[in-house]
Amino acid sequence: MMTLPTLTQMLSPLNLAAYWPYDYYWEDMYPAYLSAFTGIVIFWLFLFIALYVVNAIFLMKLFAKANVPAWKAWVPVVNTWKFLELGGYHGAFSLLVLAVIIPCIGWLAAIGGIVVCALAAYQIGLKNRKDGVWVVLYLFLGVVWTGILGLGASTWDERLGKPALGHERPPHWHAPYGGGAPGSGF
């Protein structure tokens, strides 16, 4: 009388080939795995590009409220640099993203970058007359937070929060006689 093998016997590495119901080998299934992997990569790449474009549009609107040129919202490191400067922090913290590739300490740089961006988001929220609790929305759904601030009816008030860094003119400053930026001599 023949007995059926147990599940552990069937799934053991040595017996798996004996009970494999199909006569497939890795070479036979490789094209199917490759096409599935390619489809997944294309899906995530499309999703990343779509989120980047939507976030750049929202950042353009937010930068317009702060009198920052719109093109800075589209350049990858420059938009984070300017975002941090609007929050009152030095833009060089945006370079922490590049430190992620350093083994063993890269994750510390990533956490530091997230913390500094959250602090800058808090200051930018204050300048748009939003409460501090809005930072939670920034941490979990940054695109939605940027959309609310960029497309919302709130106005930029540089006097609230930490003063912005950078050479762009704050919104409340008006040049006499149509002149240039302060200290430019025009």
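## Residue N79

The side chain of N79 lies 3.3 Å from the backbone oxygen of A73, a polar contact (a pair of N or O atoms within 3.5 Å; within protein, one must be able to donate a hydrogen and the other to accept it, and residues adjacent in sequence count only if both atoms are side-chain atoms). A further polar contact, of 3.1 Å, connects the side chains of N79 and T80. The model is predicted: local features need pLDDT of at least 70, side-chain atom pairs count only at pLDDT 80 or more, and totals for chains, interfaces and linings use all residues. Residues are numbered from 1 along each chain as its sequence is written, and side-chain values use heavy atoms, with hydrogens and water left out.

N79 belongs to helix α4, residues 76-86; helices (H or I, at least four residues) and strands (E, at least two) are DSSP runs, numbered from the N terminus. With a relative accessible area of 7%, N79 is buried (buried means under 20% relative accessible area, exposed over 50%, partly exposed in between; 1.4 Å probe, protein chains only). Not counting residues up to four places away in sequence, N79 is in contact with Y52, L59, F63, K72 and A73, where contact means heavy atoms within 4.5 Å.

## R129 and D157

R129 is located in the loop between α5 (106-127) and α6 (134-140), whereas D157 is in the segment after α7 (142-151). Their side chains form a polar contact of 3.2 Å. The side chain of R129 also makes a polar contact with that of T155, at 3.1 Å. The C-alpha atoms of R129 and S154 are 6.9 Å apart, although 25 residues separate them along the chain.

D157 is buried, because its relative accessible area is 9%.

## Aromatic pairs

The whole structure contains 5 aromatic pairs. Rings of Phe, Tyr and Trp (its six-membered ring) pair if their centres lie within 6.5 Å; planes under 30 degrees apart count as stacked, over 60 as edge-to-face and the rest as tilted. The rings of F83 and W145 have centres 5.9 Å apart and planes at 80°, so this pair is edge-to-face. The pair links distant parts of the chain, with F83 in helix α4 and W145 in helix α7, 62 residues apart.

Both partners are buried: F83 has a relative accessible area of 6%, and W145 has a relative accessibility of 1%. Ring pairs join F83, Y138 and W145 into a cluster.

## Nonpolar surface patch

L45, F48, I49, V53, I57, W71, W74 and V75 form a nonpolar surface patch of about 750 Å². Patches are made of residues with over 30% relative accessible area and no salt bridge: like charges are joined within 9 Å, nonpolar side chains (Val, Leu, Ile, Met, Phe, Trp, Tyr) within 5 Å. A salt bridge is a side-chain nitrogen of Lys or Arg within 4 Å of a carboxyl oxygen of Asp or Glu.

I57 lies in helix α3, residues 26-65. At 35% relative accessibility, I57 is partly exposed.

## Overall architecture

The protein has 7 helices and 0 strands. Of its 186 residues, 25% are buried. Among contacts between residues at least 6 apart in sequence, 53% join residues at least 24 apart.

The accessible surface of the protein is about 12800 Å², with 74% belonging to carbon and sulfur atoms. Accessible areas come from the Shrake-Rupley method with a 1.4 Å probe; for residues, only the protein chains shown count as cover.
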